[in-house]
Amino acid sequence: MALVEINFDGIVGPSHNYAGLSLGNLASARNKGETAHPRAAALQGLAKMRANIALGLTQGILLPHARPDHDWLARMGSDHGGADPLLRAWAMSAAAMWTANAATVSPAPDTADGRCHLTCANLVSMPHRSHEWPGTLAQLRLAFADPAHFTVHNPVPAPFGDEGAANHMRLCASHDAPSVEIFVYGQSGGPFPARQHVAASRAVAASHGLDPARTLFVQQSVEAIAAGAFHNDVVAVTNGTVLFTHEQAFAANNSFYADLARLMPSVQIVEVPAARVSLADAIRSYMFNAQLVTLPDGVSALILPDEAREVPAVWDWLQDMIAGNGPIRRLELVNVRQSMSNGGGPACLRLRVVADPLTVDPRFLVDAERIARIEAVVSAFWPESIAPEQLGDAALVAQVEAARAALLDALDLAGTGL
């Protein structure tokens, strides 16, 4: 069985809007009330997927959720038209596009039973995301339905917040080799909540059957959370034997790094000093919310948002990095500005799953032709723009629902219950 890393990107949904619902997400708060452009957002995300395929990477998709979430509104004693404006915004959220929060994934080489385990994130910390998990779980159980190769778990029970792979890292000699799995949890950072609870992380690790001797639980620094690093992947990312991190990402760097060196002597830590790049600049540019990938020729590359080039301290440091002898040798820039304006960079848009592509439902895998099919649906059906005051508009709701139905039909997923 050939195990490879598959990036499952969320297709930006037709209800993408800037309602500013995510406390602690500085970009979301900064752009609250602005007009969003769902069609452009989805096409930007699809262009990123197309570029990754051109780099030789294996690409998958996860779908927009049904919006508005009528079932959730009904449980709240409301319908969309008569709902409080905040309830309407929560019900119309397109935040499921950030599939780094869909689940935590432990590949088969790491687990006791030799299967890939996925635990759907509960996302209970934020009201607009707390009702995502049933839609996510349905997709995961369809995409990874082969019981010989996958186990898909229900979310960790509330109130223990779990936000998925955005707070999980994996270091390994190769994707198909046993790894060190790292679960990053938080404590409250100033005015902002810590969204990953250590109890949730421990529950996921136990249900996945991970070796406790090769599993680390590491606290995110309070300073990082207070600066707007609402998930660990805003300040650190791993791939292969490489940890790319800000100096202030973790509460106790020295002990963490020592544990990594003990468990994986080949680890390569690329630490960006605060004296060169402040937490504020790192978070503004999303330099760490990049896809750190291994290309087919073995080169490690960072897939970065365009914004990284627009922050001088960040771009200068990145240029110095690739001019040196470090493990990251290549930079690739992508335009995901609509997502960035709502607080999600390239890494937020993807869930990494190490698996044999032949064991995955092929309807969730894409090539250039399949992306073109999705682009045609987006161009024909996605709203061009949405202002927050439109979220209660019946005509917009009808357009959003028709757009998603057209996508399901184009991808042969109509009638699956998604």
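Modeller: Phe8, Phe144, Ile182 and Phe256 touch the most other members of the largest nonpolar core, which has 81 residues. Such a core is a set of buried Ala, Val, Leu, Ile, Met, Phe, Trp, Tyr and Cys residues joined through side-chain atoms within 4.5 Å. Buried means under 20% relative accessible area, exposed over 50%, and partly exposed in between, with a 1.4 Å probe and protein chains only. Helix 13 (residues 394-410) gives the most to this core, with five residues. Helices (H or I, at least four residues) and strands (E, at least two) are DSSP runs, numbered from the N terminus. This is a predicted model: local features need pLDDT of at least 70, side-chain atom pairs count only at pLDDT 80 or more, and totals for chains, interfaces and linings use all residues. Residues are numbered from 1 along each chain as its sequence is written, and side-chain values use heavy atoms, without hydrogens and water.

Leaving aside residues up to four places away in sequence, Phe144 touches Phe8, Leu118, Phe150, Val152, Val353 and Val360; contact means heavy atoms within 4.5 Å. A second, separate core has 22 residues, including Phe244, Val272, Leu292 and Leu302.

Helix 4 (residues 85-92) is largely enclosed by the rest of the structure, because six of its eight residues are buried. These are Leu87, Arg88, Ala89, Trp90, Ala91 and Met92, and they pack against helix 3 (70-75) and helix 13. At the N-terminal end of helix 4, aspartate 84 forms a cap, with a side-chain oxygen 2.7 Å from the backbone nitrogen of leucine 86.

Conventions: Polar contact = N/O pair within 3.5 Å; in protein donor to acceptor, adjacent residues only side chain to side chain.
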